[in-house]
Amino acid sequence: MDYSAKVMDHFTNPRNMGSIENSDGIGEVGNAKCGDIMKIFLKIEADRIADVKFQTFGCGAAIASSSMATELIKGKTLEEAWRLSNKAVAEALDGLPPIKMHCSMLAEEAIHEAINDYLKKKGLEPWTE
Amino acid sequence: MTVENTAIYMDNSATTPVRKEVAEELIPYLIENFGNPSSIYDLGKTSKDAVENARKKVASAIGAEENEIFFTSGGTESDNWAIKGIAFANRNKGKHIITSSIEHHAVLHTCEWLEGQGFEVTYLPVDKYGMVSPEDLKNAIQDDTILISIMLANNEIGTIQPVEEIGKIARENRVYFHTDAVQAIGHVPIDVQKMNIDLLSLSGHKFQGPKGCGALYIRKGTKIETLLHGGAQERKRRAGTENVPAIAGLGKAIELATSEIEESNKTLLALRERLIKGLLKIPKTHLNGHPTQRLANNVNVTFEYIEGESLLLLLNAKGIYASTGSACNSSSLEPSHVLTACGVPHEIVHGSLRLSLGKMNTEKDVDRVLAILPEIVQKLRNMSPLTPKENRTL
């Protein structure tokens with residue numbers, strides 16, 4: 001597989017891997033049938049992402065995308081995290097092979113799910129865009 | 001470089017290195033004996049002799065006659081020629097073809113293409129070990145069946161089909177029988193007479209010959225169309241200047257591989273069993289394929305909760321070269337059609353690993369793989385949201 005050095009770095013030494021007990025929001029996307037599942041745990045303090053962890057079942061690109069995405073949103077406001085695009089994740093990884101772009105998409109979706117999970121728990125309207 | 005740092009190649013079903021004896025055999029035909037076998041002068045005759053000498057060796061390796069062996073560009077061409085050639089030459093007799101659901105794509109996609117050309121194809125199911133049932137085959141034969149194409153041994157899981165029985169059924173029903181023996185050569189003794197095989201595909205690079213060269217055995221009297229039209233090579237049945245060096249190498253390689261079957265299988269079998277035994281000690285690990293009716297060099301396991309590509313990448317980082325049944329590296333993301341046909345649940349089908357052994361592998365290699373793999377599997381399981389608590393260390 002033609003992965004950049006950055007993808008390989010995040011794949012072999014993933015950042016923020018694990019789970020958060022009593023997290024404020026959880027997002028899980030993908031399914032085992034397709035071979036990719038991404039789960040994001042958020043700890044939120046004063047509308048900021050105080051901590052984030054991930055668990056991923058999937059290929060090298062999926063794991064690297066999770067690692068990079070969590071790095072990119074850590075410490076950011078919810079709104080900034082929401083605006084993280086899959087393209088930004090892929091770019092931060094110095095690119096992904098075209099057939100692996102959907103992995104960065106999963107990261108974006110998992111973050112959206114986790115943020116909305118938090119909003120729902122707070123009794124707030126989930127965001128749509 | 002110390003031994004510890006040497007890479008371990010366990011992907012011999014993908015390809016094998018050319019043996020020294022084979023390289024020595026073929027090199028003169030690249031340099032000094034470069035003549036075209038169709039030329040009438042002595043230099044051409046030297047090349048022609050090399051091709052015919054190789055043909056003898058291939059014929060003798062499978063119990064065929066020399067004039068029943070045709071050199072091709074490899075397994076894919078041989079499969080295409082056999083299936084399309086039989087289909088189009090016998091279409092007035094019938095349009096029904098029987099194959100199995102675990103064939104190599106060179107067979108499956110050829111059959112699918114033929115469906116678009118008005119042929120009808122039955123894809124036989126397999127049991128959980130990847131075995132075709134002769135009873136199912138008998139029941140699938142129709143009045144208009146013209147070809148049965150069932151592989152000798154599977155490339156992913158190594159399951160060896162009851163080819164002799166299949167051949168007998170084909171013969172009794174007067175249907176042509178083609179077998180893709182690409183993975184079997186050098187591992188399973190083959191006799192096309194005893195096994196009633198009418199067409200057989202083989203590929204040089206799977207048994208330490210060069211890449212890009214294979215052969216198709218066509219039983220004398222078989223009605224088959226030509227695939228490649230052009231010059232009069234291969235008795236006017238396969239046009240194109242012969243790949244003389246590769247053919248010479250293939251001849252040498254098949255001679256060595258088939259004469260050493262017994263000895264090599266004994267060594268490989270011991271390594272295979274050691275590897276399987278060690279792998280199954282990893283919790284939530286399952287063996288794919290048949291426990292005994294399998295190629296001596298094939299190991300295929302599924303690790304629950306993890307995905308194959310990430311496993312291969314981590315193995316690669318440790319200098320272990322292997323492959324997976326998972327097609328995550330293709331654009332389709334479809335899991336292995338072989339494992340799916342064997343009924344491996346789709347939740348775990350992505351976590352499969354194929355380790356295919358070869359001449360270079362030693363007991364030490366097996367032990368090193370067994371020392372490294374559990375850590376890698378655990379690392380990925382700790383990362384996976386599917387892993388239950390009891391299978392986590394983090």
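Leaving aside neighbours within four places in sequence, B:Asn265 is in contact (heavy atoms within 4.5 Å) with B:Gly186, B:His187 and B:Ala296. This residue sits in helix α9 of chain B, which covers residues 261-279. B:Asn265 is buried, at a relative accessible area of 16%. Here, buried means under 20% relative accessible area, exposed means over 50%, and partly exposed lies in between, with a 1.4 Å probe and protein chains only. Helices (H or I, at least four residues) and strands (E, at least two) are DSSP runs, numbered from the N terminus.

All of this comes from a predicted model, where local features need pLDDT of at least 70, side-chain atom pairs count only at pLDDT 80 or more, and totals for chains, interfaces and linings use all residues. Residues are numbered from 1 along each chain as its sequence is written, chains are lettered from A and ligands numbered from 1 in the order in which they are written, and side-chain values use heavy atoms, with hydrogens and water left out.

Now for a pair of helices in chain B. Two packed helices are described by the angle between their axes and the distance between the axes. For α2(B) (residues 42-62) and α8(B) (residues 244-259), the angle is about 30° and the axes are 8 Å apart. Axes are lines fitted to C-alpha atoms, for helices over the stretch in contact, and angles run from 0 to 180 degrees between N-to-C directions. The two helices are therefore roughly parallel to each other; that label goes to angles under 35 degrees, while over 145 is roughly antiparallel, 65 to 115 roughly perpendicular and the rest oblique. The crossing of α2(B) past α8(B) is left-handed, meaning that the near helix is turned anticlockwise from the far one by less than a right angle. On the α2(B) side, the residues taking part include B:Ala50, B:Val51 and B:Ala54, and among those they meet in α8(B) are B:Ile247, B:Ala248 and B:Gly251. The residues of this contact divide into ten nonpolar, three polar and three charged.

On to the strands, where two of them pair if DSSP finds at least two bridges between them. In chain A, β2(A) is mostly covered, with eight of its ten residues buried. Seven bridges join it to β1(A) (residues 25-31), and the two run antiparallel; A:Gly27 stands opposite A:Ile40. β2(A) also pairs with β3(A), again in the antiparallel sense, over nine bridges, and there A:Leu42 has A:Val52 as its bridge partner. The hairpin of β2(A) and β3(A) has two residues between the strands, and A:Ala46 in the turn has a positive phi of about 50°. A:Asp47, found in the loop between β2 and β3 of chain A, has a positive phi of about 60° although it is not a glycine. A:Asp47 is partly exposed, at 47% relative accessible area.

Chain B has an open sheet of three strands in the order β9-β10-β12, with antiparallel pairing. β9(B) (285-287) and β12(B) (352-356) stand at the edges, each with a single partner strand, so one side of each is left without a neighbour in the sheet. The twist averages 25° from one strand to the next.

Note on methods:
Ala, Val, Leu, Ile, Met, Phe, Trp, Tyr, Cys and Pro count as nonpolar, Asp, Glu, Lys and Arg as charged, and the others, Gly among them, as polar.
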